[in-house]
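Work through the exercises below with the model open beside you. Try each task before reading its solution.

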Amino acid sequence: MPANRGNTRFGQFRFRNGVEMYIPWVDEAVFSLTQYGGRDWSDIDVHDVSSTQRFPIGTVLRKGTRWWAYAESGGTIAAARLAQGEVPAAAHDALPPVAASAGATSFTITLPGSGSDDFVANEYAGGIVYAQVNGTPGYAYEIATHEAGDISTSGTMEVFLVPGENLAVALSASDDMAFVKNPWKEVIIMPSPQTARIVGVAMAALTDGDYGWLGVKGPHPILMDGSTAVLAGHAVRPSEDDDGAVATFEGDAAALSDMGIVGQVADVGGDAGISLIDLNGLGLV
């Protein structure tokens with residue numbers, strides 16, 4: 001069972017200067033809340049980078065029309081470059097659960113007994129587990145913690161849901177359960193073309209293991225694709241040619257990249273190739 005069911009340091013906070021922060025529930029076995037207690041919440045530097053985690057992954061900060069999310073970097077990301085989440089692990093899809101009753105706050109997954117992409121304990125903490133095709137599909141739950149799981153064995157792995165979450169329907173061995181990480185856990189620079197969902201733009205240079213803020217909504221500077229001209233007010237999409245960059249949305253329905261509008265051009269930059277992009281809400285919507 002998660003160790004911190006009595007946690008009260010999570011939820012929506014509003015400070016006297018109008019700054020707002022949403023802190024997701026986190027188990028103390030995963031991250032101790034004393035690490036960020038006593039901070040001046042209203043004066044957080046979104047350009048700060050640290051090798052020590054200071055907030056729960058996915059903490060959201062809002063100042064006026066600009067929003068940021070706290071992320072863990074899984075690679076090198078230059079400032080003003082788009083970041084994407086990890087590609088979901090195919091071996092962690094369509095896994096059958098042990099039968100569990102509706103209302104339960106935890107359940108057990110039966111491991112497949114083959115493969116090498118093991119579950120690391122709590123790697124999906126703050127992420128989502130959902131029912132796919134078979135059984136009773138269409139239900140999703142937020143994960144508090146879970147055990148490690150060696151998928152080469154025929155053992156089991158217990159999964160605990162965050163407080164307030166419980167199984168809406170009973171689970172049976174015919175259900176297919178899939179695991180998806182917190183969007184901001186172990187992010188990487190968006191390759192061109194992208195291979196997973198876009199989750200924000202780096203506020204400062206990040207390296208593997210760093211923690212920092214990504215801009216996710218409102219106006220933020222982003223590198224422009226050098227192959228396309230942009231105009232103020234035009235929609236932009238992830239670039240297919242320059243890692244971490246955005247390009248003009250051409251409206252070509254046949255192009256996969258054209259399906260992912262990330263925002264609109266608020267101002268066209270100069271020779272540096274950085275323009276101000278009004279982001280739609282990456283990872284938030």
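Buried means under 20% relative accessible area, exposed means over 50%, and partly exposed lies in between, with a 1.4 Å probe and protein chains only. This is a predicted model: local features need pLDDT of at least 70, side-chain atom pairs count only at pLDDT 80 or more, and totals for chains, interfaces and linings use all residues. Residues are numbered from 1 along each chain as its sequence is written, and side-chain values use heavy atoms, with hydrogens and water left out.

**Exercise 1. Classify Val-180 and Ala-173 by accessibility.**

Step 1. Strands (E, at least two residues) and helices (H or I, at least four) are DSSP runs, numbered from the N terminus.

Step 2. Apply the cut-offs. Val-180 has 24% relative accessibility, so it counts as partly exposed.

Step 3. Turn to Ala-173. It sits in the loop between E9 and E10. Its relative accessibility is 59%, so Ala-173 counts as exposed.

Step 4. Val-180 and Ile-128 are 52 residues apart in sequence, and their C-alpha atoms are 5.2 Å apart. Ala-173 and Ala-100 are 73 residues apart along the chain, with 9.3 Å between their C-alpha atoms.

**Exercise 2. Trace the pairing of E3 with E2 and E4.**

Step 1. Three bridges join E2 to E3 (residues 60-63), which run antiparallel. Tyr-22 stands opposite Val-60 in E3.

Step 2. E3 also pairs with E4, antiparallel, over four bridges. Leu-61 has Trp-68 in E4 as its bridge partner.

Step 3. Inspect the turn. E3 and E4 form a hairpin with two residues between them, and Gly-64 in the turn has a positive phi of about 65 degrees.

**Exercise 3. Describe the largest nonpolar core.**

Step 1. Know the rule. A nonpolar core is a set of buried Ala, Val, Leu, Ile, Met, Phe, Trp, Tyr and Cys residues joined through side-chain atoms within 4.5 Å.

Step 2. Count. The largest core has 39 residues, and Trp-213 and Leu-214 have the most contacts inside it. E13 gives the largest share of this core, five residues.

Step 3. Look elsewhere. Apart from it lies another core of 21 residues, including Ile-109, Met-157, Val-159 and Leu-161.

**Exercise 4. Which residues lie closest to the centre of the largest cavity, and which to that of the largest pocket?**

Step 1. On a 1 Å grid over the protein atoms alone, a cavity is a set of points where a 1.4 Å probe fits but cannot get out; a pocket is an open set with protein on both sides within 12 Å along at least five of seven lines; lining residues have an atom within 4 Å of a point. Points are joined across faces, edges and corners, and a volume is the space filled by probe spheres set on them.

Step 2. Take the cavity. The largest holds about 60 Å³. Ten residues line it, and Asp-48, Arg-54, Phe-55, Tyr-70 and Trp-213 are the closest to its centre. Strand E13 (residues 211-223) gives the largest share of this lining, three residues.

Step 3. Of its 33 lining residues, Ile-57, Ala-125, Gly-126, Gly-127 and Asn-182 are the closest to its centre.

How values were computed: Pairing = 2+ DSSP bridges.
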